[in-house]
Each structure stands twice: as C-alpha cells, then as structure tokens.
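Open the model in your viewer and keep the selection tool ready. This tour goes stop by stop, and each stop says what to pick and what is there.

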There are 2 protein chains.
Amino acid sequence: MAAIRVLTESDLRKAVGLGQEELDAIESVYPIISRGEASMPPIMRIDVPEHNGEIDIKSAYLPGYAGIAVKMSAGFFDNPKKGLPSLGGLMVVLDSETGIPQSALFDNGFLTDLRTGLAGAVAAKHLAPRGELTAGVVGAGVQALLQLESLALVRDVARAVVWARRPEAASKFANDVAGSMGIPIEPVDDVAALLAAADVVATTTPATEPLLTAGMLHPGLHITAVGSDAESKQELEAEAVASADVFVCDSIAQSTRLGELRAVKESGMDVAKALELGQVVSDPTLGRVSDDQVTICDLTGTGAQDTAIASLAVRRCQELGLGTTIET
Amino acid sequence: MAAIRVLTESDLRKAVGLGQEELDAIESVYPIISRGEASMPPIMRIDVPEHNGEIDIKSAYLPGYAGIAVKMSAGFFDNPKKGLPSLGGLMVVLDSETGIPQSALFDNGFLTDLRTGLAGAVAAKHLAPRGELTAGVVGAGVQALLQLESLALVRDVARAVVWARRPEAASKFANDVAGSMGIPIEPVDDVAALLAAADVVATTTPATEPLLTAGMLHPGLHITAVGSDAESKQELEAEAVASADVFVCDSIAQSTRLGELRAVKESGMDVAKALELGQVVSDPTLGRVSDDQVTICDLTGTGAQDTAIASLAVRRCQELGLGTTIET
C-alpha cells in the first residue's frame, strides 16, 4: 500500500513565498544545468488547436535531490471568455530513488509564478546595477508584480515605472503596487519612456513582436526577459540582444529554440558573450563588472527550477503538517 | 475553487478491465493516430542513472475527447532489491476545453498494463489467423498474462505455450494460467519450440538482443511484439521483421525510433508493407487476407491509448461513484 501526499494551492501558499531560502533553492540549480548534470529533456508540448490551448510539460532529475517534479502547465487562451484564468497547471513529484509518486501539487500555476519571479531575482543579483534603483516592468500581470517584488529581495528598489498594452491595466497595477510595496510607481506611455526612466527592466508579456529595441538601451541598464517561451514569442529586438555587453540565459538550448536567442540566430547575428546563468552564479565575475555595461538575461523557464521549488515546497508542507494523504 | 477527482488503483480496477467497451475504446484511437489527427508529441524521457531508473511521459490530445491524459511511467530497475516493483506510474487527466486538471489516477501502472493488453487484442483481431488457436507467450509476467487473456476476447484460444528466461517462472505461469483461464498450457524449452507450436505469439520481454529469428517463422503465424519501447531493446531479429508478409505497428515514428523497425532500418533492410494499426482498423483488407501469411505487429505504446483508457476509466468511476474529491 503506497500513499501520496496531496497539496493544494492554499497549502503551498502557506509553505513557500518570496524568501531567502526559496531564492537560494532556485539559484543553486543553475550551476547544475550549466555543468550538464541535470537530466532535463526538452519541453514536451501538446497542442489543443480546437480550444486555443496547449499543455507544456517540464521535468528534470537533479543528482542528490530526493524528488523529481513533473510539471504540467496549461495555457488555454479562450478561458477568459468563460470566466476562467488562461494559465494553470499542477506538478507531481516522484521519488528519485524508486520512481514512486510521492506528492501531487495542485498549485494552479502558483509555483511556476513563484520560481519565475525568483529566477528574475537570481539574474538581477548577478547582473543588475547597484545602489538605489528605478525598476521598470513591461506588462501588468502577476509576473510583473513578482518580478518587482523579487528584485526587492536583492536590490534597493526606490521607485518603479510600468507600461502595459492597456493603459488602464498599467494604472491599476501602479495603484495596487504603490500600496502593497510602499514605493512610488508611475505608469508610462510607451516602452521607450519606461527604458529611459529605469535601471532594471523586466519584460513579462506574451508579445510576438519585439517591444523593446536596441535604440532604447542605455549604459548601466539590466533587462530580464521572462515572456518568450515559445517559437512564436519575442519581446526583445534581435539587435538589442546582440548589442548587450553580457547576454545570459537560463538554458542556451531553450533560449535558442523558444526564447530571445531564436530571433538573433535567425537573423544571422551573434551575441558577443552568451552565457548560462549557472556559469554566472558559479563565477560572478562573468556577470556585471562595471556600472556602464548593458546586461540582458533571457529566462525561458526550466524543469530544474520546477524540481527545486517543488522539493522545497514538499519539505515545508511536511514540516508544517499541510496536505492530505491518500492511500493508493 | 476547483476540485480534482482522485482515483486509486483499487478504484480503477473496479471500473475497467478486459471488456468489450475497453477494447473498442482502444481500437478506435488507432485511426485517429494514423490520420495524423492526434496531437501526440514524442515520448519525454527523464533518465535517473544513479538509481538505474527512468521516467517516461506520454500524452495525447484527441479531437472530441473531453480529457487529455498525461502519463508518467516509472521504471526503476533496482527496486526489486528493495522489495518494490520495477514499474509504476500515474496519470493526470486535464480538461480538453480549459486545461484544468480534472482527475489524478494513482494506478501504479495498471492502466498501462491494461491498454497494452487490449492493444494486443486489437492487433490479433485484424491479423491473427482464425479457428481454434494455440497461443504462445514469450515472457511470464503481467503482460504475458494480459496478452493471453486479451487474445481470448477476439479469438478461440484452445491451448497455450510459454517460454521465459527462467524456466521456473514459465512453469509457475503455466500452472497459474491453466487454473485461471481454464486452458491447457505448457512451458517449452526454447523460443523455437514455442514458435513451432503456436499460431499466435506475443513477445513481452525487455530483451536487448533478438529472441525470435526469421528461421522460426512459419506460414499462418501472427506475432505481436510489445516489449521494445526504447532504443536499447529488441525482441525480433531484423530479418524476421523484414520477411513478414504484413508488418503493422501502432506508430511508424515510434517503432522506427524505439521499436522493432529500428533494427530493420539500421541494418539497411526494408519492410515490404509497413502499415500503422489505424490503417488496418480503418480498412481490414490491409490486414490478414489469407491463412498462410506471416503477420507481425509491433506495439511501442502511445499516449493516444493512455488518453483513451483514462477517459473511459474516469467516466466509469464517475458512474460508479468511485474516488475522492479534493478541493484545490
């Protein structure tokens, strides 16, 4: 008789959040990826064209980790018409030594949002300029908020600017965030104005045409792009990526296939110095070394991060006595 | 507030088995695969070399089906030393219209065993000779039994023979099956003797070297090979596959990568007539048309079958009031 632990979004929200241990858990997987030690197959995608949907499956085995997370992310873009969120998902954790399912995490995408936010903080920790910063976010959704909040874990965010396709969304975001984070935040009229005002920018949109061009870059700027995770998506103009002093991504293979490196390669350009985030975590001198460099980090999201955050969440829930056990 | 239905192996064993509706459910997916209408990405595999294990993930969206199954199969080959079964797994079913997780099926691999058995029956229905038959099974495990029992759904199995690497396993299997199926069954000394005695043969082993050679074939024989599902596995000699009058497989892409077509292609041979099972289901004149043909069917196992059996199992459990609802 086996038993599986069932954890709900509510359990998981009590167990993990934007904390130092979570940040460390996410940061520590990048060197494992970059050293080639993760068993991390390419993302599996099931298209559901009739319902404008897709399911993406990510997973990774990390040596020494007790569990292997298998994450199913659903993006069904007709859902809002039905009063449902577009994005959702769940994770299953299997025991690394026996393959036996240990936990089912019905998180509705919460852990993905969280680890993506934390990944932005890891990038900023090694690449963002220092001192009192102005942060900018492109997009006004959950991930825009998480990028701002995560950045505050590693840098002194004095103020922020936000741009979104719908100005009313940007205004609402600015009001909400000013209240919750206690910093002044202004909506701006266009992406160029946002970049002119900001030291650190996170792009968090599903854009399929670049929003941010090479001409908008300025010395000292750091950009983290988290939106592109499919062949059809692109937030940064290829020239912008190619002109960065340091270009970093979570996985060169994924960024080339699904992220911001795709357009660069397709246009025949090259990136002066393309690194994986794990290389920079292992050797911070590969990251920002001067105040006037332009740095860009492209995050497509990895199964290794899912295994890392799920492992921590399972352990925390266990310590806190959260969840339900089902005899199988 | 969403809710997910949790079904255990015990629930699922009460709900589905080797029945006609189950057989129809499995048969009906093959034409969908062969017409290219299934969204069925290649199998995702996560290797766990430290623990001699792997996790295989299969999935498929089938137009018109209410659910999409994502199946995680675990094979951890040090488990027997720990008193645990090598194979296990679970499935998750997501709603095809919204992507929302509907059910978690903690089946420990039961549904995979079942749909693989039923797939053998679909192959035999279209390819096995008719009349009173002698069935042969290579291997003496769960799948050998299921192949025999499934065959009895579609043909008159008068007697059986069994060969296994360990003779004591074959003897035990023969005793058990004679009791449970009520037919005479004999263990035989080698695969050649098994083929000489049998009209229909199922090979169900994880062999990495061919067990069955071209010289063992005889007119009228049908073989279903269910063992090979990885680059390293092979049950049938390439010459045997190439010399069949009709060669059928569940998916030509998968058989070429992971099944019995791999060795054929690698050796530079060709198969006179390689069909997908769905083509034969749609047009039975493509299957066996005379008593003296040699037919071979290679089954590597598809995500479409998983979606089919999971869909039926979920509906049956619902009708029978089986399972537990978890609010997420």
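**Stop 1: a loop residue in chain B**

Select B:Asn52, which counts as partly exposed because it has 15 C-beta neighbours inside 10 Å. The cut-offs: a residue is buried if 20 or more other C-beta atoms lie within 10 Å of its own, exposed if 12 or fewer, and partly exposed in between, with C-beta atoms placed from the backbone. B:Asn52 sits in the loop between S2 and S3 of chain B. Its phi is positive, about 50 degrees, although B:Asn52 is not a glycine.

Now pick A:Asn52. This residue lies in the loop between strand S2 (44-48) and strand S3 (53-60) of chain A. A:Asn52 also has a positive phi of about 50 degrees without being a glycine. Strands (E, at least two residues) and helices (H or I, at least four) are DSSP runs, numbered from the N terminus.

**Before going on**

This is a predicted model: local features need pLDDT of at least 70, side-chain atom pairs count only at pLDDT 80 or more, and totals for chains, interfaces and linings use all residues. Residues are numbered from 1 along each chain as its sequence is written, while chains are lettered from A and ligands numbered from 1 in the order in which they are written.

Colour chain A by pLDDT, the predictor's confidence in each residue, from 0 to 100. Chain A averages 95, and 100% of its residues score at least 70. For the complex, the predictor gives an ipTM of 0.92 and a pTM of 0.94.

**Stop 2: the two chains together**

Show both chains. Chain B can be laid on chain A with an RMSD of 0.0 Å, by a turn of 180 degrees and a shift of 0.0 Å along the axis. That is the relation of a two-fold axis. The superposition is by least squares on the C-alpha atoms of residues with pLDDT of at least 70 in both copies.

Which residue of chain B comes closest to the rotation axis? Select B:Met44, at 3.3 Å (C-alpha).

Next, select the interface. Here 46 residues of chain B are in contact with 46 residues of chain A; contact means C-beta atoms, placed from the backbone, within 7 Å. S4(B) gives the most to the side of chain B that touches chain A, with six residues.

**Stop 3: the core**

Pick A:Leu105. The largest nonpolar core has 232 residues, and A:Leu105 is among those with the most contacts inside it. Such a core is a set of buried Ala, Val, Leu, Ile, Met, Phe, Trp, Tyr and Cys residues joined through C-beta atoms within 7 Å. Beyond four places in sequence, the contacts of A:Leu105 include A:Leu7, A:Met91 and A:Ala313.

**Stop 4**

Select residues 303-320, helix H12. Of its 18 residues, 13 are buried, so H12(A) is largely enclosed by the rest of the structure. A:Gly321 follows H12(A), with a positive phi near 70 degrees.

Move to helix H5, residues 142-154. Buried residues in H5(A) include A:Gln143, A:Leu146 and A:Ser150. Among the elements that the buried residues of H5(A) pack against are helix H4 (110-127) and helix H6 (167-181) of chain A.

**Stop 5: a buried glutamine**

Finish on B:Gln254, in helix H9 (residues 252-258) of chain B. B:Gln254 is buried, with 24 other C-beta atoms within 10 Å.

Terms used: Two residues are in contact if their C-beta atoms, placed from the backbone, lie within 7 Å.
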